[in-house]
Amino acid sequence: MAAKKKIKNKHELDDFSGVKPKKVKRAPRQIKKVPIIKPHNAGTMSTSAFWSFIRSTLRQKSRWWRPISITKMKNRRAYSGPNKRQKFEYQCNLCREWFSDKEVNVDHIIPVGALNNGDDLKGFVLRLFCETENLQILCSVCHNKKTFLEKTKIITNEN
Ligand SMILES: [Zn+2]
């Protein structure tokens, strides 16, 4: 393959000297990949992938945390609209409107925050697995607004 290419290039050089050689691609040499260190999970996980794995594992388990289901039960009422499959509707704590199960989130009033290293772990766990006082129902729109404001706040605080 290499030999064939070399001959072809030489041929091109003979026929169109000064034109074709410029097309020789050198870009792959310049892209030098920095090797990602993967010290976790038998050499398959980088440190950021590891903490992302821990975060999602803890968040998955928080679905069965009772204060979360209690918060939903406290803020629901029987639904009597046109959708026959829908039993309940839930009230958003900010806009006070009523929504279906799929349209609401159980929000942590004090945000759970980041989990990027071992130092974050204790605070993250305690804020995630909190009691009902720190939980509220938010509709998707209000939840997105709150999340956006929190993110911009974090950014401005850090800068
Ligand atoms: Zn709302």
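## A guided reading of the predicted chain

Five bridges join strand β4 to strand β5, and the two run antiparallel. Within this pair, Val 106 stands opposite Ile 137 of β5. Strands pair, by the criterion used here, if DSSP finds at least two bridges between them.

The structure is a predicted model, in which local features need pLDDT of at least 70 and side-chain atom pairs count only at pLDDT 80 or more, while totals for chains, interfaces and linings use all residues. Residues are numbered from 1 along each chain as its sequence is written. The pLDDT is the predictor's confidence in each residue, from 0 to 100. Its mean over the chain is 86, and 77% of the residues reach 70 or more. Over residues 1–5 the pLDDT is below 50, and this stretch has zero contacts in the model beyond near neighbours in sequence. Two residues are in contact here if their C-beta atoms, placed from the backbone, lie within 7 Å.

The chain contains six helices and five strands. Read from the N terminus, the order of elements is α-α-α-α-β-β-β-β-α-β-α. Of the contacts with a separation of 6 or more, 54% are between residues 24 or more positions apart.

Burial is judged by counting neighbours: a residue is buried if 20 or more other C-beta atoms lie within 10 Å of its own, exposed if 12 or fewer, and partly exposed in between, with C-beta atoms placed from the backbone. Buried residues make up 11% of the 159 residues in the chain. In β5, five of the five residues are buried. Leu 135, Ile 137 and Cys 139 are buried on one side of this strand, and Gln 136 and Leu 138 on the other, so both faces are covered. In general, side chains in a regular strand alternate between the two faces of the sheet.

The largest nonpolar core has nine residues: Tyr 90, Cys 92, Val 104, Val 106, Leu 135, Ile 137, Leu 138, Cys 139 and Cys 142. A nonpolar core is a set of buried Ala, Val, Leu, Ile, Met, Phe, Trp, Tyr and Cys residues joined through C-beta atoms within 7 Å. Two or more residues of this core come from each of β4 (104–108) and β5 (135–139). The most come from β5, which gives four. Val 104, a member of the core, touches Tyr 90, Cys 92, Phe 99, Ile 137, Leu 138 and Cys 139, leaving aside residues up to four places away in sequence.

The other strands form an open sheet of three, in the order β1-β2-β3, with antiparallel pairing. Because β1 (76–78) and β3 (98–99) each have a single partner strand, they stand at the edges, and one side of each is left without a neighbour in the sheet. Three bridges pair β1 with β2 (residues 88–91), and Arg 77 has Glu 89 of β2 as its bridge partner. Two bridges pair β2 with β3, where Gln 91 stands opposite Trp 98. The hairpin of β2 and β3 has six residues between the strands, and Arg 96 takes a positive phi near 65° there.

Among the helices, α3 (residues 47–61) holds Arg 55. This arginine counts as partly exposed because Arg 55 has 17 C-beta neighbours inside 10 Å. Arg 55 and Leu 121 are 66 residues apart in sequence, yet their C-alpha atoms are 9.3 Å apart in space.
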